[in-house]
Amino acid sequence: MRIALFLACFNDTFFPSTGRAVVELLERLGHEVEFPLEQTCCGQMHANSGYEYEAASLARRFESVFGDHHVVVSPSASCVGFVREATALGPRVFELTELLVDTLGVEDVGASFPHRVTYHPTCHGLRGLRLGDRPLRLLRAVRGIELVELPRAEECCGFGGTFAVKNAEVSSAMLADKLDSIVSTGASVCAAGDNSCLMHIGGGLRRVGAAARPLHLAEILAARE
Amino acid sequence: MTTSFPDRARGALRDRQLRRNLEHATTTIREKRARAVEEVPDWEALRTAGAAMKDEALASLADRLEELEARVQERGGVVHWARDAAEANGIVADLVEAAGASEVVKVKSLTTDEIGLNDALAARGIAAVETDLAELIVQLAGDEPSHILVPAIHKNRDQIRELFERTLGLGPLTDDPAALTGAARTYLRERFLRARVGISGANFAVAETGTICVVESEGNGRMCTTLPETLITIVGIEKVVPRLADLGVFLQLLPRSSTAERMNPYTSLWTGVHPGDGPRVFHLVLLDNGRTRALADAVGRQTLRCIRCSACLNVCPVYARTGGHAYGSVYPGPIGAILTPFLVGIDRAPSLPYASSLCGACADVCPVRIDIPRVLVHLRGRTAKPAAEGTSMRLLARAFGDRGRFERAQRLALAGRRIPGAGALPGPLRAWTRSRELPVAPHESFRDWWRRERG
């Protein structure tokens, strides 16, 4: 299948390893990945911050960039959520775990990752896209993985885009509780499907000197350790 | 509101006792609610029906209100219309004076808290006695409620024992709940029996029949609505439901969402006055106080569906850390963050739409399907932004609008190893790094790798 990668500007710039993982994973499963270089930002950040005009114009731009692609995948639940609401291309844009489990019908992607991992379901994946147990089904099929349940997993980590800046102290209080939960699992890796939340969680983990490191789910699914 | 949400939240965030009280209380209610909802097989259909009934009433609100007025008048009640808090308070104070009373007993009512009725009555020499146990605690403490349903959620048993010993004049008490409620009962019973005027809000007002509905847990409300000669009910215009039968839906949605009960202990319904039974005089005050501002807003209108169950507070990770006072309004939590800006005007509550991480937990539990995150984002679009933020957001949008500009900005960001645009925001990096490290930027963007490897 020909699949267009909508990586999200944030990943393109700061988390290229996630993009490479998606490419490697889909190619390993026998699919052809395209990356339309015209893609920039879908407008989610502007929309959530109250800049409707700018958001709408970026959403139109997204439509023109991906309009000719029939299957679009993204390793960002929050961007997929926005694109579904704000553009006409919604039905053909899939979050990575939706594409794998629903469209491609695969749960064992042939990955091997011998580490103790806990999974944080991000708000946009959990309540926005209703990903359910798709990410966990994919993770359970990874060889060597030791998956440990995260206490109070469904609670927000406190990132929330500009919330982390405008309400920094409330955000930090939420983060502190999330870090406690992660540390309590004894995991060496905290996985999630959104690098924005992971940047916030990872920044907190490093600040408190925790052993766990943040890692996008795609990078575990691509791993052959 | 002169201070912002982050400023008001600061004190609460540092009050460890408050955070413990809140976390314990909200976790307990949250889990109980989930169990109460799980056992209803058609819960999702009930939510849809509740939302539709409210929307139906709101779509022809003026007609429904006149229908309600006519039915109440036919049954011997008197209807008053109040544009704002001052008008409503003036009407009520005049009525209490006309009844020759200097003390009134009150049913727990958010609407009367919203308009500051107790203070307005005090200014006219009338003492208002709160009879809901938690409201009484808050009143005796000279405090403000911090939760819609559990106004004293921020206080624990020991704090309440100390307060009662100091204010009720009933001698030393233990912190046994039965002893504490017993003391409150002794204090309140005397006031119920001597009151000549009772004041209530309403959970629902039925247009078709003119029936008012109040639900409560203690029975103290019913004492207020049945014992005094005069009953004055103040109701926000959004509380109207079209038909009596609609209560069949709302009386399932409300108790399970708020107290996690299958049915609330006391449901009082009355229509006008009845000779020889209950109050001899009934006044209904219909209150706008900013509600028509929400009604006029196509996205914000759904805010008026709210039945004040407080389920959204109990699941909100922000409310759990800040408590209710940070919202600067009698309506705290997610619903307060969207309702208050309509009631007082967005310019007077510009920080509230940002008091959320948009996690969506509130929308999932709302019994009338208010899409709170959507309304929050909509309201954010209507707040005045700091100039520096506006400039950097527009610059970012411009960079994103063109591939060449985006790639140049991207290289610049990676060369400087920082987030583009962030430097232009007022102090955001400082706010970020107070509790988090910045990520280490990569040496190469994804698209540079792609062009090299796959291009």
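Where is the place of L129(A) in chain A?

What we have here is a predicted model, in which local features need pLDDT of at least 70, side-chain atom pairs count only at pLDDT 80 or more, and totals for chains, interfaces and linings use all residues. Residues are numbered from 1 along each chain as its sequence is written, while chains are lettered from A and ligands numbered from 1 in the order in which they are written.

Now, L129(A). L129(A) lies in the loop between α7 and α8 (134-140) of chain A; helices (H or I, at least four residues) and strands (E, at least two) are DSSP runs, numbered from the N terminus. L129(A) is buried because 20 other C-beta atoms lie within 10 Å. The scale is this: 20 or more other C-beta atoms within 10 Å of a residue's own means buried, 12 or fewer means exposed, and in between is partly exposed, with C-beta atoms placed from the backbone. Leaving out residues up to four places away in sequence, L129(A) touches A77(A), V80(A), G81(A), E95(A) and H124(A). A contact here is two residues whose C-beta atoms, placed from the backbone, lie within 7 Å.

Let's step back to the whole of chain A. An automatic or database domain assignment gives the bounds, and chain A is divided into domain 1 (2-103) and domain 2 (116-222). Taken over C-alpha atoms, the centres of these two domains of chain A are 21 Å apart. Where they meet, 24 residues of domain 1 of chain A contact 21 residues of domain 2 of chain A. On the domain 1 side, α2(A) gives the most, with six residues. That side divides into 12 nonpolar, nine polar and three charged residues. For those classes, Ala, Val, Leu, Ile, Met, Phe, Trp, Tyr, Cys and Pro count as nonpolar, Asp, Glu, Lys and Arg as charged, and the others, Gly among them, as polar.

What about the partner chain? 52 residues of chain A are in contact with 51 residues of chain B. Elements of chain A that each supply at least two residues to this side include α4 (52-66), α10 (168-185) and α11 (195-207). By class, the side of chain A that touches chain B has 22 nonpolar, 18 polar and 12 charged residues.

On to chain B, which has 22 helices and 10 strands. Of its 455 residues, 49% count as buried. Its C-alpha atoms fill a box of roughly 90 × 55 × 45 Å, taken along the principal axes.

How many residues are in the largest nonpolar core? There are 210, and those with the most contacts inside it are I220(A), C312(B) and I372(B). Such a core is a set of buried Ala, Val, Leu, Ile, Met, Phe, Trp, Tyr and Cys residues joined through C-beta atoms within 7 Å. The largest share of this core, seven residues, comes from α10(A).

Most residues other than glycine have a negative phi. R152(A), though, has a positive phi near 45 degrees, and its place is in the loop between β6 (146-148) and α9 of chain A. R152(A) counts as exposed, with 12 C-beta neighbours inside 10 Å. N289(B) also has a positive phi, near 50 degrees, but N289(B) is buried, with 20 other C-beta atoms within 10 Å.
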